[in-house]
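Please open the model in your viewer and keep the selection tool at hand.

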Amino acid sequence: MATTNDLKNGTVLRIDGQLWTVIEFQHVKPGKGGAFVRTKLKNVLSGKVVDRTFNAGVKVETANVDKRDMQYLYKDGDDFVFMDTDTYDQLHVPAATVGSAANFMLESQTALVATNEGVPLYVELPPSVVLEVTYTEPGLQGDRSSAGTKPATLETGYEIQVPLFLEANTKVKVDTRDGSYLGRVND
């Protein structure tokens with residue numbers, strides 16, 4: 001348990017049986033009446049953002065969220081298996097928890113896995129990853145870098161839009177937040 005005075009960005013609270021992360025907070029002391037804390041909270045599982053106001057000094061329940069860098073090993077049915085590189089413990093994370101991160105994960109890649117009491121909450125990848133284009137239509141003579149884009153399949157099976165001049169077997173940098181092409185990577 002903590003008081004509203006202990007709130008800071010990144011603190012995880014347990015409210016009504018759900019986990020919420022503090023995104024923003026502001027202590028307010030009006031001229032008349034009691035002080036209060038305005039917060040913006042994000043649901044850890046659903047991503048929903050809500051505004052919530054607490055009276056100053058109120059006790060709030062904090063949750064212990066363990067964030068560790070883990071290595072992605074393989075996919076087992078609908079689960080993704082991660083290994084803690086320090087203890088070699090393996091953790092099965094459901095596909096729904098991994099979410100869109102699965103589009104950019106290769107075996108033996110490192111990702112941040114957050115757990116609460118042994119239950120996986122979410123998987124966070126670095127802002128960008130380098131992946132190889134396995135298939136794309138060949139570019140036509142006269143294609144320019146600013147002329148447009150074409151679909152390309154990455155080694156993970158995910159499809160993104162790339163410039164017309166790119167060919168198969170080219171390594172590209174991809175934004176893991178929205179799946180956009182960031183540039184070509186030269187070996």
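**From a strand pair to the cores**

Begin by selecting strand S4 (residues 36-43) together with S5: the two run antiparallel and are joined by seven bridges, where strands are DSSP runs of E of at least two residues, numbered from the N terminus, and two strands pair if DSSP finds at least two bridges between them. This is a predicted model, in which local features need pLDDT of at least 70 and side-chain atom pairs count only at pLDDT 80 or more, while totals for chains, interfaces and linings use all residues. Residues are numbered from 1 along each chain as its sequence is written, and side-chain values use heavy atoms, with hydrogens and water left out.

Within this pair, pick Val37, which stands opposite Phe54 in S5. Then widen the selection to the open sheet of four strands, whose order is S2-S3-S4-S5 with antiparallel pairing; strand S2 (12-15) and strand S5 (49-55) are its edges, each pairing on one side only.

Next, select Phe82, Val93, Val98, Met105, Val113, Val123 and Leu154, which touch the most other members of the largest nonpolar core, a set of 24 residues. Such a core consists of buried Ala, Val, Leu, Ile, Met, Phe, Trp, Tyr and Cys residues joined through side-chain atoms within 4.5 Å, buried meaning under 20% relative accessible area with a 1.4 Å probe, protein chains only. Strand S12 (128-136) is among the elements that give two or more residues to this core, and its three residues are the largest share.

Finally, return to Phe54, which belongs to a second, separate core of nine residues that also includes Leu7, Leu13 and Val60.

Notes
Buried means under 20% relative accessible area, exposed over 50%, partly exposed in between (1.4 Å probe, protein chains only).
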